[in-house]
Amino acid sequence: MKSQEVLPGFYTAEDRVLASHHQVALLIELARSRHIPEDRLLRNTGLFPSDIRSANHKLSVSAFRRLITNVADMDRSSTLNLLWGSQLFPGHYGSPSTLLVNAGNLMEFLDTLVRFRFFLCPFMAPNLVKDDQWTYLYWIDAGGLGRAKPFVVTALMSGVSSASNWLAGRTLPWQIFLKHPQPKNSSEYSVAFGDRLRFSAGINLMRIESQLLFEPWGSVSELVRASALSESVELLDSAKPVYGLPELVYRVLLSNSSKFTSLQTVSDCLGMSPATLKRRLKECETSYQTIYDNARLHLSLYRFYVEGWSQDAVAKSLDCCNGANFRRMFKRWTGLTPSEYRSCFRLDLAR
Amino acid sequence: MSLTGLKPHRAQLLLLAVVTNTSLVASLILGEVKTWGEIDWLDVFGEGGTAAMLLTWLIFILRSRPAGRVSTILTAGFGLVFLALWQDNLDEFIRFANSQWWDTWLESVPLPIGMALVTWGMYHWHEEQLVIQDQLRGRELSVREHKQVDSVTKLSRSDYLKSQIEAELENLDDRIVPPSLLMVDVDGFDLVNREYGTREGDRLLKVIGDLLLMNVRRHDLVCRFAGDRFAVLLPGTGEAAARLMAGEISDAISHLAYKSAVQGNTIRVSVSVGLAQAKSLDATELMERANRSLAQAKGCSHHGNAA
């Protein structure tokens with residue numbers, strides 16, 4: 001294994017990186033409007049009501065995780081994730097929000113979201129993959145959301161679909177795949193997302209037909225868009241955001257995907273011992289093995305569906321001794337064998 | 001347990017506290033405190049426990065009720081029973097001379113009077129409940145389940161709807177027309193939330209829920225299915241009659257001139273209605289068919305050009 005170079009910085013679960021007055025304040029406001037008492041909401045988060053009103057306060061991922069857990073526990077309707085999501089975008093996060101609202105088509109919208117995601121959706125990283133037929137947007141954990149992930153990823157998907165519907169002026173046929181199992185209130189999900197919805201899908205992903213990407217969305221001001229773009233780029237340059245540790249590990253793994261990297265190599269890359277890396281990831285409520293499995297699953301799905309590889313070719317590329325072994329691993333990741341998954345993924349959801 | 005709900009009943013509770021304290025002070029002055037060995041702890045536990053339990057009941061009842069005649073009767077009744085048990089418990093600790101007639105009197109007289117008052121109060125509570133039940137018409141059928149009530153619209157949620165459809169379908173035989181189900185979805189509700197905020201959106205949903213209740217019959221059930229979608233269960237209703245009601249509901253809502261809370265400007269809304277009549281014994285299948293019919297009514301927009 002080659003690269004021994006130490007990668008630039010990253011943040012961990014206790015670093016204060018999330019602006020409290022943006023997405024977090026929206027959620028708190030919403031919870032208050034549902035009569036959730038503020039003291040219960042902020043319990044164990046180390047947050048004070050004044051922090052949210054200040055423009056400079058930042059929140060750590062672990063405090064955010066506890067806040068989400070509090071909201072989810074106190075939310076009798078179990079719909080605050082969907083409702084919060086529908087308010088997330090374009091939001092009021094400065095020039096990236098302006099850029100989002102002035103997107104001329106779906107492609108510009110998604111590009112903006114991915115490029116300026118440190119401001120627009122700092123909790124999870126959106127990733128865009130396109131082929132001739134489909135455009136995929138899948139979400140990975142940025143800083144270690146742990147238990148809060150189902151809540152947050154649902155909100156983000158609800159946000160993307162709600163904002164793109166709003167800007168397009170019609171309901172776009174997004175297809176939604178969620179990693180978590182079907183919740184009790186699944187009727188809320190189907191009203192929010194429509195029928196094309198799958199739970200226990202192994203991955204958090206939304207998909208739409210690529211031909212809709214460049215369908216024009218009504219009039220936008222080119223001038224506003226251009227100035228918002230240059231402002232956003234400046235903002236990004238000056239903020240110099242870094243990856244969260246779980247995301248960084250994921251990206252290191254995928255960047256060496258020709259031969260999957262060992263724990264030792266990854267920790268060398270990050271300038272820490274394997275034991276420290278494991279401990280740090282544990283603080284992020286995840287583990288090296290989880291991220292490793294995710295990376296391999298995402299890569300195999302990419303090779304299956306976007307590049308059209310055969311099962312054997314994918315198995316070989318992932319260093320599995322044989323096809324049977326690969327199928328067993330795949331089943332562990334998704335609960336389905338590759339061929340079962342393929343028929344599920346084809347999505348005969350539009351009855 | 002928070003005591004905030006007790007505010008309207010302050011006066012009665014204060015009176016109870018004064019009376020029990022007076023009896024305690026009087027007993028201490030007029031009686032003689034027993035030694036540790038003389039106390040029968042089993043009695044203390046039994047009588048004291050009953051008194052404590054009774055006080056808890058009283059607090060729960062008062063916390064769940066506004067002030068008024070029925071509340072006063074119940075407080076008086078429970079208060080007297082409590083007083084009797086209290087006095088009974090006091091003489092486990094304090095010995096009274098036989099000349100202290102009032103101790104025995106306090107132990108036995110308030111008890112039957114209190115019991116009678118509680119019974120009388122319960123009867124009036126029942127009468128009152130019938131009135132309230134009438135106000136809940138359309139919100140519940142034969143079963144009540146407060147955990148399935150939605151906090152925004154105060155209508156029941158989809159899990160309650162499902163259980164009620166199942167109950168309807170179970171009782172079905174050849175002589176009864178199977179129930180129909182309407183799915184009522186607010187068009188462009190997302191826009192209201194975006195423009196006016198979710199507080200306003202919540203208020204609008206509540207108003208639409210109320211309006212639906214005004215447009216159904218006595219034995220129909222209105223639920224909040226999910227999000228901005230309502231469901232109306234119409235027992236024993238054929239498709240033609242259900243279609244007529246769907247039209248009436250959508251007319252009623254299109255005539256609503258809802259005023260926003262802050263600026264007071266008019267928000268007009270329309271609804272799309274989907275409809276299905278039960279064909280099998282499967283509640284989920286009925287809800288799915290109604291939802292599909294709704295999607296068609298929405299101009300297939302939700303189903304788009306799916307794969």
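Begin by selecting helix α9 of chain A, residues 149–168. This helix lies across β4, β5, β6 and β8 of chain A, and it runs at about 145° to β5(A). Please keep in mind throughout the tour that the model is predicted.

Next, colour the strands of chain A that form the open sheet of five strands, whose order is β4-β5-β8-β6-β7. The pairing in this sheet is mixed. Which strands stand at the edges? They are β4 and β7 (197–198) of chain A; each has a single partner strand, so one side of each is left without a neighbour in the sheet.

Now move to β6 (residues 175–177) and β8 (residues 205–209) of chain A, which pair in the antiparallel sense over three bridges. To see one position in this pairing, select F177(A), which stands opposite L205(A) in β8(A).

**The two domains of chain A**

Zoom out and colour chain A by its domain assignment: domain 1 covers 11–239 and domain 2 covers 244–345. Taken over C-alpha atoms, the centres of these two domains of chain A are separated by 25 Å.

**A buried leucine in chain A**

Select helix α5 of chain A, residues 80–88, and find L82(A) within it. Is L82(A) buried or exposed? L82(A) counts as buried because it has 24 C-beta neighbours inside 10 Å, and 20 or more are required for that label. Show its surroundings as well: leaving aside neighbours within four places in sequence, L82(A) is in contact with T154(A), S158(A), E188(A) and A192(A).

**The nonpolar cores**

The largest nonpolar core has 123 residues. Those touching the most other members are M124(A), V152(A), L156(A), L182(B) and A231(B). The largest share of this core, nine residues, comes from α9(A), where the tour began. Select L156(A): leaving aside its neighbours within four places in sequence, this residue is in contact with G85(A), L88(A), C121(A), M124(A) and W139(A). Another core, of 17 residues, lies apart from the largest one; F78(B), L80(B), F82(B) and W86(B) are among its members.

Turn to chain B, where the domain assignment gives domain 1 (4–135) and domain 2 (146–297). The centres of these two domains of chain B, taken over C-alpha atoms, are 47 Å apart.

Finally, select strand β3 of chain B, residues 180–186, which is mostly covered: seven of its seven residues are buried. In a regular strand, side chains alternate between the two faces of the sheet. In β3(B), S180(B), L182(B), V184(B) and V186(B) point one way, while L181(B), M183(B) and D185(B) point the other way.

Two partners of β3(B) complete the view. With β5 (residues 229–234) of chain B, β3(B) pairs in the antiparallel sense over six bridges; there, L181(B) has L233(B) as its bridge partner. With β8 (residues 271–277) of chain B, β3(B) also pairs in the antiparallel sense, over seven bridges. In that pairing, V184(B) stands opposite V273(B).

How values were computed: Residues numbered from 1 in each chain as written. Chains lettered and ligands numbered in written order. Predicted model: local features only at pLDDT ≥ 70, side-chain atom pairs only at ≥ 80, totals over all residues. Domains from an automatic or database assignment. Pairing = 2+ DSSP bridges. Helix = DSSP H or I, 4+ residues; strand = E, 2+ residues; numbered from the N terminus. Contact = placed C-beta atoms within 7 Å. Axes fitted to C-alpha atoms, helices over the stretch in contact; angles between N-to-C directions. Buried ≥ 20, exposed ≤ 12 C-beta atoms within 10 Å, placed from the backbone. Core = buried A, V, L, I, M, F, W, Y, C linked by C-beta atoms within 7 Å.
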